[in-house]
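Q: I would like to see how the terms applied to this model follow from the values behind them. Please set each value against its criterion before drawing a conclusion.

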Amino acid sequence: MSFTLPPLKYAKDAFAGFVSENTFNFHHGKHLQTYIDTTNKLVAGSAYEGKSLKDIVTTAEGPLFNNAAQAMNHEFYFNCLSPEENMPVPAPLLKLIEQNFGSLESFKEKFAASAVGNFGSGWTWLVHTGGEKLKIMNTSNAGTPLVEGFTPLLTVDVWEHAYYLDYQNRRAAYVEDFLKHVDWDFVAAQL
Ligand code: MN
């Protein structure tokens, strides 16, 4: 049973003020497809056959980790997006965000600063570390908070391929627009 490209839950041209259909064609149709195809090739005939992506990501190393983690990270990222701008944050999650970061606005500022400061290629995350604790963290390359035992709630892809066609070097503008297009219902459902 091999891994297949997860469908997007929205149209690729649904984000007028954010990334374009062209970016989705490359990012979802080419980059993610390649991570999935490479994972399938590396898994075939190995001890990882039949394992879930999460099982692979939390135990494998090297190229298999890199490709399986990128497959997982991208599916998660695409699910974090909503064409609807500034969706309301469900009350239980909003309360946790306010407890941990002071306010939703303060959380967004800290998350954006972390994403803009994530040097090179990687991901910026909101994670649940346990109890009522949330944390913003950066990972590099294919890194995922799953290996630290944290529960990912939200992620933004800050690899240049995620935004370069639309924003060129303007990562801060991409992150600002990303934060307007978060699917907060999906994020809250991860808790
Ligand atoms: Mn990407």
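Q: Which residue of β2 is the bridge partner of T124?
A: In this predicted model, T124 has N138 in β2 as its bridge partner.

Q: Why are H27, H74, D157 and H161 called donor residues of the manganese ion?
A: A donor atom must be N, O or S and lie within 2.8 Å of the metal; H27, H74 and H161 each coordinate through NE2 and D157 through OD, at 1.9 to 2.1 Å, and these atoms therefore qualify as donors. Along the sequence, the spacing of the donor residues is H-x46-H-x82-D-x3-H. The pair of H74, in helix α3 (residues 62-79), and D157, in strand β3 (residues 151-157), links distant parts of the chain, 83 residues apart.

Q: Why does H74 count as buried?
A: Buried means under 20% relative accessible area, and because H74 has 0% relative accessibility, H74 counts as buried. D157 also has 0% relative accessibility and therefore counts as buried.

Q: What covers the buried residues of α5?
A: The buried residues of α5 are L104, S106, F107, K108, F111, S114 and A115, and their cover includes α4 (91-101), β1, β2, β3, α7 (171-180) and α8 (184-189).

Key:
Residues are numbered from 1 along each chain as its sequence is written. This is a predicted model: local features need pLDDT of at least 70, side-chain atom pairs count only at pLDDT 80 or more; totals for chains, interfaces and linings use all residues. Side-chain values use heavy atoms; hydrogens and water are left out. Donors are N, O and S atoms within 2.8 Å of the metal (3.2 Å for Na, K and Ca); water is not among the atoms, so sites may look incomplete. Helices (H or I, at least four residues) and strands (E, at least two) are DSSP runs, numbered from the N terminus. Buried means under 20% relative accessible area, exposed over 50%, partly exposed in between (1.4 Å probe, protein chains only). Two strands pair if DSSP finds at least two bridges between them. Contact means heavy atoms within 4.5 Å.
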